[in-house]
Amino acid sequence: MNRTVLVAVHTGRDAAVESARLVINRLVDAGISVRVLDTEAGEIGCAGADAVPGDPSAAKDAEVMMVLGGDGSLLRAAELAKPAGTPLLAVNLGHVGFLAEAEVADLAAAVDSVVAGRYDVEERMTIDVLARQNGRVLADTWALNEATVEKQERMLEVVAEIDGRPLSRWGCDGVICATPTGSTAYAFSAGGPVVWPEVEALLMVPISAHALFARPMVVSPRSTLAVEILPDTPGGVLWCDGRRRFDLPAGARVEVRRGAEPVRLARLHGVESTGAPFTDRLVAKFELPVQGWRGRVRP
């Protein structure tokens with residue numbers, strides 16, 4: 001059976017381009033067909049790969065999409081991989097790289113794991129996002145991490161809603177509606193809880209709200225979250241994964257519910273710094289102090 005891997009890279013970094021060449025050459029030597037995006041092919045300059053348009057057709061029938069960069073690169077790649085159901089495997093060349101499966105030091109081992117098929121695939125829930133004003137659709141999109149209603153200039157006045165019932169009115173800088181995957185992204189910075197990926201839930205996190213009740217909330221994955229911008233206040237803006245932006249006039253309503261399609265992530269076997277429990281990822285990425293831990297007492 002012909003195997004194909006799509007490789008995407010943050011071409012703004014020389015180290016990333018060199019890493020992409022290593023990945024491509026190693027895959028080609030193993031008899032695997034490699035695709036690269038046509039917008040990146042020139043900088044990579046690797047004769048062993050086929051250049052394809054940078055749209056969702058790029059990932060069609062690909063076994064894996066390898067992403068060399070940071071979390072931003074993975075979020076960009078998810079726009080291509082999600083419609084095709086292609087698993088993403090990210091190699092961190094950025095800073096925290098919380099979604100990455102491997103660090104650059106493990107690059108060769110990660111490629112070898114792909115070649116040998118030593119990986120599992122897990123699904124991460126997404127959110128579908130619909131913004132309307134007086135029946136007019138302003139945005140119909142999705143996110144892996146979060147959808148955020150934010151102020152543009154002055155403070156927003158909003159009413160939050162859960163499952164068709166009003167929850168609270170806030171004067172705030174914004175409201176984050178996030179997935180468990182997004183709990184360690186913007187929602188974390190705004191004071192939200194860390195939610196383990198296997199927990200199915202939705203998060204609502206107010207940003208700098210002027211109210212007595214303005215705590216982050218974790219709700220059922222079957223719930224529908226909504227944020228309404230009051231008609232007599234300034235408009236705002238909707239951001240999805242920090243990549244897709246939509247203007248929200250006063251009176252706009254944003255509804256968020258569990259996405260119809262997940263994003264699939266490849267998890268490797270046999271690479272020391274990968275395949276770790278989520279707790280170990282938290283400790284490593286945030287450099288949490290664990291000195292003195294003795295572990296379970298064994299009989």
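Let me begin just after helix 4, where Gly117 takes a positive phi of about 70°; helices here are DSSP runs of H or I with at least four residues, strands are runs of E with at least two, and both are numbered from the N terminus. This is a predicted model, in which local features need pLDDT of at least 70 and side-chain atom pairs count only at pLDDT 80 or more, while totals for chains, interfaces and linings use all residues. Residues are numbered from 1 along each chain as its sequence is written, and side-chain values use heavy atoms, with hydrogens and water left out.

In helix 4 itself, residues 107-116, the buried residues are Leu107, Ala110, Val111, Ser113 and Val114, where buried means under 20% relative accessible area with a 1.4 Å probe, protein chains only. They cover an arc of only 155° around the axis, which puts them on the same side of helix 4, the arc being that of the directions from the helix axis to the C-beta atoms.

Turning to the sheet, six strands form an open arrangement in the order 9-8-19-16-11-12, with antiparallel pairing, and two strands count as paired if DSSP finds at least two bridges between them. Strand 9 (136-143) and strand 12 (165-172) each have a single partner strand, so one side of each is left without a neighbour in the sheet.

Finally, the largest nonpolar core has 31 residues, a core being a set of buried Ala, Val, Leu, Ile, Met, Phe, Trp, Tyr and Cys residues joined through side-chain atoms within 4.5 Å. Apart from it lies another core, of 28 residues, among them Val111.

Terms used:
Buried < 20%, exposed > 50% of the residue type's maximum accessible area, 1.4 Å probe, protein only.
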